[in-house]
Amino acid sequence: MKIRKTALILTAVMGLSLLAGCDNEKQQIFKEAEKDLEQGSYEYALDEFTTSVNNGVKPAVSYRGIGICQLRLGNYDDAITAFTSALGEEKVSKSMARDLYLYRATARLQAGYLDDAMADCQVLAQNYEMDADAWFLTGKVALEMDGYDEAASDFEQAYGEDSSYDRAIQIYETYLDKDMEADGTRYLEAVLSTDAKGAEDLCSRGRIYYYMGDYTNAQKELTDASNQGSTEALLVLGMVYGAQSDYANARAMYQQYINQKLDDTSGDQTQTAAQGYNGLAVCDMAEGNYDSALENISSGISIASDDEMQSLLFNEIVAYEKKLDFSTAQEKAVSYVGMYPEDEEAAKELDFLKSRTGSNE
């Protein structure tokens with residue numbers, strides 16, 4: 001009897017150990033998902049968060065992670081579904097619910113569900129404290145719905161809460177996308193009246209002068225930023241030189257940017273050398289070197305984060321079109337439009353290519 005009792009105790013202890021091991025493994029998968037999300041490895045994080053949902057590990061947070069990954073990957077309907085699932089979970093804190101409404105409104109905006117996006121923005125305004133991000137998003141949705149006065153008011157609120165260089169540039173770019181550059185320029189002019197406090201501010205000022213077409217001041221601010229250690233400034237300097245058709249200096253800046261990014265051992269993969277390769281490809285195409293452009297685009301694609309991929313893939317279409325390889329360009333465009341359905345310019349490009357190939361596929 002004692003032997004049997006001892007065996008039963010050992011079995012029970014072993015069972016507990018196995019359960020503890022399983023729980024530890026599940027928690028580790030969740031931690032890896034959070035780490036991959038932070039580093040911009042969205043496909044890995046997506047798989048891990050999906051596993052975490054199936055494992056029952058922090059369902060609301062895991063659904064949120066799935067939603068962010070799908071949003072960054074351009075799968076907007078899937079992102080909306082995930083954020084909705086997260087909101088439907090029990091014990092979702094008020095701060096997390098607010099965060100989820102912001103993300104879902106963003107996904108709905110990107111998917112073109114403007115009424116639904118505005119509904120989420122209204123929930124935010126009615127039930128949660130509005131900050132600069134919430135005001136900006138609401139203004140962006142309103143502008144897409146042609147609510148110009150409402151958008152202007154929302155952007156004023158956003159800039160009042162956060163009068164940073166980044167916010168001014170965000171608002172400007174939103175107006176620029178709607179061919180309303182003059183409405184956004186006043187935010188750039190306003191933020192330029194403030195003093196730079198370091199390399200990051202100098203880089204932002206240089207970018208603003210670039211947007212305003214003031215290349216002399218842009219070059220000065222960006223050179224100062226680069227001298228103070230800003231790698232990003234090299235990328236924008238390449239754009240400044242390119243805008244003046246000085247492709248030799250543009251290439252030099254892009255190559256320096258690439259070299260510094262490739263030498264970066266910080267472990268942050270959210271921004272790679274891919275944008276530098278994209279800049280080189282733009283120079284190539286401006287000079288008619290389309291094969292070289294495709295080589296640089298290929299190099300960029302091989303290392304690009306998900307956030308950097310779109311420009312590279314679009315320029316790949318353009319390069320093939322410029323080579324008069326309309327069939328390949330159309331094939332690339334079909335794939336691109338499937339990934340980025342909100343890109344109206346790409347949709348028009350696809351229609352043009354179909355007219356050249358005589359194909360409706």
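Analyst: What follows is a set of questions about labels, each answered from the computed value and its cut-off. The model is predicted.

User: Why is Asn-315 called buried?

Analyst: Asn-315 has a relative accessible area of 14%, and since buried means under 20%, the label applies to Asn-315. The residue sits in helix α17, which covers residues 309-322, and, leaving aside residues up to four places away in sequence, Asn-315 touches Asn-278, Val-282, Met-285 and Ile-297.

User: What makes Lys-58 partly exposed?

Analyst: The relative accessible area of Lys-58 is 46%; the partly exposed class lies between under 20% for buried and over 50% for exposed, so Lys-58 belongs to that class. Lys-58 is placed in the loop between α2 (42-55) and α3 (59-72), and its phi is near 45°, a positive value in a residue other than glycine.

User: Why is Ser-245 called partly exposed?

Analyst: With a relative accessible area of 48%, Ser-245 does not reach the exposed class, which requires over 50%, and it is therefore called partly exposed. Ser-245 is found in the loop between α13 (231-243) and α14 (247-263), where its phi, near 60°, is likewise a positive value in a residue other than glycine.

User: How do you know that Tyr-101 and Tyr-128 form an aromatic pair, and why is the pair called tilted?

Analyst: The structure holds 12 aromatic pairs. For Tyr-101 and Tyr-128, the distance is 6.0 Å centre to centre and the angle between the planes is 50°; centres within 6.5 Å make a pair, while planes under 30 degrees apart would be stacked and over 60 edge-to-face, so the remaining label is tilted. Because Tyr-101 lies in helix α5 (residues 94-111) and Tyr-128 in the loop between α6 (114-127) and α7 (132-144), the pair ties together parts that are 27 residues apart in sequence. Both Tyr-101 and Tyr-128 are buried.

User: What makes the pair of Tyr-336 and Tyr-340 tilted?

Analyst: The ring centres of Tyr-336 and Tyr-340 are 4.8 Å apart, with the planes at 50°, so this pair is tilted. Tyr-336 has a relative accessible area of 2% and Tyr-340 one of 8%, and as the cut-off for buried is under 20%, Tyr-336 is called buried, as is Tyr-340.

User: How many helices and strands does the chain have, and what percentage of its residues is buried?

Analyst: The chain has 19 helices and 0 strands, and buried residues make up 42% of its 361 residues.

Definitions and conventions:
Residues numbered from 1 in each chain as written. Predicted model: local features only at pLDDT ≥ 70, side-chain atom pairs only at ≥ 80, totals over all residues. Heavy atoms only, no water. Helix = DSSP H or I, 4+ residues; strand = E, 2+ residues; numbered from the N terminus. Buried < 20%, exposed > 50% of the residue type's maximum accessible area, 1.4 Å probe, protein only. Contact = heavy atoms within 4.5 Å.
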